[in-house]
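Biologist: Please show me the model. Then let's go through a pocket and a strand.

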Amino acid sequence: MDRHPPPHSRRFSLYQPPSYFSLSLLSIFIFFCFLSTSDAAFDVTPISFDEGYRPLFGDGNVVRSPAGDGVRILLDRFTGSGFISSDMYQHGFFSAKIKLPSDYTAGVVVAFYTSNGDVFEKTHDELDIEFLGNIRGKPWRFQTNVYGNGSTSRGREERYTLWFDPTKEYHRYSILWTANKIIFYVDEVPIREIVKSEAMGGDFPSKPMSLYATIWDASDWATSGGRYKVNYKYAPFVAEFKDLVLEGCMADPIRQLPASGCHAKDAQLEARDFATITSSQRRAMRRFRERYMYYSYCYDTLRYPVPPPECMIIPSEKARFKDTGRLKFGGSHKRRSRRRERIPAASVSDNQASM
């Protein structure tokens, strides 16, 4: 297993976004702008927790809803928690409505992601949505990331804030993964698209993955490079999930059966409404990235003097990130295992851009 930490654990000196209060009116306005140009809710069928998932760790902190259609995962001073899909999938649409912990959440990470690191330790694939917490009065920040074939030295992270407070009500967060593309969604707004190219080679995820959701203590890097730690005075920290969606072809990663058995399922997936970005959604994605993305690896000339092959350089985005190459890294550049960070045995511990 690669013993290096993911690129996101490097300590960036990043812009600190303003408070929710100062952005409230502007956020409401932008929210309605997004609604007016994004399409209707996706046609998806939620499943119960027991139909598709099982606890991963911290079982006592994985609490099913009375109706079985949702689940809460908790972080307290003794342990974090998480759940995993009961099966692995060769491509799919992975989605949930999530409500994040409120108040002081520095150092707390809530992750919703796909991975096969437990099966392919040296050559794992991964697609991440990671919510990074913050101090009271500052908005939650989050990032997306992509790894293919163990390419942990080539992190593809982007970081953002949101146009709403994710602690007040549920919002849908989704990952689409097909043989040709990856799309990350917030509600029905696409926020990031990666189209497979020959130049990407094995960096495009290709092996069956499970869906994970976890909450854990990442005091060493998550908030201002580790400056602000988890404060267990505010524990337990609770992330709530409901309307869970798993659509894709179940796969056996060892026997590699899906290569010939999932073509029909892949075709069905490609035909779904969430597999095509409409013109109105593309406009909403452009506005989101212009207003809420505050870090992108594609414009980080310090890490990548030549942008990775999948990067599509957008002039308006490049203009905002002209200084990104001068980001300063703090702490060690040595890397630790993602798996040990993401799924701890126990957790024990005493921006937005200018509009």
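Modeller: First, a definition: on a 1 Å grid over the protein atoms alone, a pocket is an open set of points where a 1.4 Å probe fits, with protein on both sides within 12 Å along at least five of seven lines; lining residues have an atom within 4 Å of a point. This is a predicted model: local features need pLDDT of at least 70, side-chain atom pairs count only at pLDDT 80 or more, and totals for chains, interfaces and linings use all residues. Residues are numbered from 1 along each chain as its sequence is written, and side-chain values use heavy atoms, without hydrogens or water.

Biologist: Which residues lie nearest the centre of the largest pocket?

Modeller: The lining of the largest pocket has 20 residues. Those nearest its centre are Glu-193, Met-285, Arg-289, Met-312 and Ile-314.

Biologist: Which element gives the most to that lining?

Modeller: Elements are DSSP runs numbered from the N terminus: helices (H or I, at least four residues) and strands (E, at least two). Strand 13 (189–195), helix 5 and helix 6 (315–320) each give two or more residues to the lining of the largest pocket. The most, five residues, come from helix 5.

Biologist: Is Arg-289 buried or exposed?

Modeller: Arg-289 sits in helix 5 (residues 279–292). Buried means under 20% relative accessible area, exposed over 50%, partly exposed in between (1.4 Å probe, protein chains only). Arg-289 has 11% relative accessibility, so it counts as buried.

Biologist: How many residues of strand 11 are buried?

Modeller: His-171, Tyr-173, Ile-175 and Trp-177 point one way from strand 11, and Arg-172, Ser-174 and Leu-176 the other way. All of these are buried. Strand 11 (residues 171–177) is largely enclosed by the rest of the structure, because its buried residues number seven of the seven.
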